[in-house]
Amino acid sequence: MRLILLGPPGAGKGTQASALSNKYSIPHISTGEILREAVRKGDPVGVKAKAFMDKGELVPDEIVTEIVVDRLREDDTKKGFILDGFPRTRVQAESLDSSLKEYGIKIDRVVYFDTSASVSIERLSGRRVCPKCGGNFHLRNIPPKQEGICDDCGTSLIQREDDKEGTVKNRLRVYEEKTRSLIDYYKEKGSLKTVSGDQEVEGVLENLSRMFVDEKLV
Ligand code: AP5
């Protein structure tokens, strides 16, 4: 199964991608996570990307597209993949289309997480992440067992730099300006389905799982 998860910051794409990746044993490819890893390691791509990410702006298309195109060449994507946070612009979507054509594969489903701005803002402001293993928590919705500590590796949780208030507003603005139009792009191709991102985690996962079974994708 080859999926794209589309939706505003804080819609829950990463949370669902991670659950689906475990459930169906297919890789979760998050451009945000790949870029943050490059920043942590001080790779040249990370150095270039950091300034954009800290401001809540998009990293230039050519950088992000190259990352994804390279990643999709890896063997573990042969049985499927979940793209989370890519594509985010028309240019990225068209580059993805041509790479997939070259690889002789197609996307089975684009899922749009329809999420209200107030929900996105509440989720992003309460999100706490593990700087070591990437664990993703929320102060109220998905709290760690021990306050401020990652359940999986015991590291102290932090707030992402771009989850601070001013940057969140910019990320939502950038989403409206550059990414929202991809809903129509994929609707016109007939590959888009919508789920409500405003529901609780289990509800979204249930809806997605049912959708994939009904469509015989799993
Ligand atoms: P990225 O990491 O992709 O950020 P994003 O799209 O803004 O997505 P988020 O991770 O903020 O939200 P999410 O929808 O995954 O929600 P999550 O599941 O974490 O990108 C970061 C930056 O990298 C970008 O700003 C840009 O600079 C750059 N970048 C990345 N890709 C790019 C690209 N293609 N082109 C150019 N630049 C790119 O959930 C959020 C919180 O809510 C968590 O705390 C979670 O625990 C909680 N939660 C999740 N689901 C629920 C639920 N159903 N109910 C209650 N709480 C929930």
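**Entry 1: cysteines**

I looked up the sulfur of cysteine 133 and found that the closest cysteine sulfur, in cysteine 150, is 3.6 Å away, which is too far for a bond. A disulfide is taken here as a pair of cysteine sulfur atoms within 2.5 Å. I note for reference that a disulfide is a covalent bond between the sulfur atoms of two cysteines. My search of the whole structure returned zero disulfides.

I then checked accessibility for this pair. Cysteine 133 counts as partly exposed at 42% relative accessibility, whereas cysteine 150 counts as buried at 3%. The cut-offs are under 20% relative accessible area for buried, over 50% for exposed and in between for partly exposed, with a 1.4 Å probe and protein chains only.

**Entry 2: basis of the values**

The model is predicted, so I note that local features need pLDDT of at least 70, that side-chain atom pairs count only at pLDDT 80 or more, and that totals for chains, interfaces and linings use all residues. Residues are numbered from 1 along each chain as its sequence is written, and side-chain values use heavy atoms, with hydrogens and water left out.

**Entry 3: α6 and α7**

I looked up helix α6 (residues 117–126) against helix α7 (residues 165–179): their axes come within 11 Å and cross at roughly 140 degrees. That makes α6 oblique to α7. For the angle classes, under 35 degrees is roughly parallel, over 145 roughly antiparallel, 65 to 115 roughly perpendicular and the rest oblique. Axes are lines fitted to C-alpha atoms, for helices over the stretch in contact, and angles run from 0 to 180 degrees between N-to-C directions. Helices (H or I, at least four residues) and strands (E, at least two) are DSSP runs, numbered from the N terminus.

I recorded the crossing of α6 and α7 as right-handed; a crossing is right-handed if the near helix is turned clockwise from the far one by less than a right angle, and left-handed if anticlockwise. On the α6 side, Ser120, Ile121 and Leu124 meet Val168, Arg171 and Leu172 of α7, where contact means heavy atoms within 4.5 Å. By class, I have four nonpolar, one polar and one charged residues in the contact of α6 with α7. Ala, Val, Leu, Ile, Met, Phe, Trp, Tyr, Cys and Pro count as nonpolar, Asp, Glu, Lys and Arg as charged, and the others, Gly among them, as polar.

**Entry 4: α5 and its surroundings**

Next I took α5 with helix α8 (residues 182–189), whose axes come within 10 Å and cross at roughly 35 degrees. This crossing of α5 and α8 is right-handed. Arg90, Ala93, Glu94, Leu96 and Asp97 of α5 make the contact with Leu182, Tyr185, Tyr186 and Lys189 of α8. The class count for α5 with α8 is five nonpolar, no polar and four charged residues.

Valine 91 lies in α5 (residues 90–103) and is partly exposed at 45% relative accessibility. I found 9.1 Å between the C-alpha atoms of valine 91 and threonine 65, which are 26 residues apart along the chain.

**Entry 5: backbone**

Phenylalanine 86 and proline 87 are joined by a cis peptide bond, with omega about -5 degrees. Proline 87 sits in the loop between β3 (81–84) and α5.

Serine 25 is not a glycine, yet its phi is positive, about 50 degrees. I placed serine 25 in the loop between α1 (13–24) and β2 (28–30).
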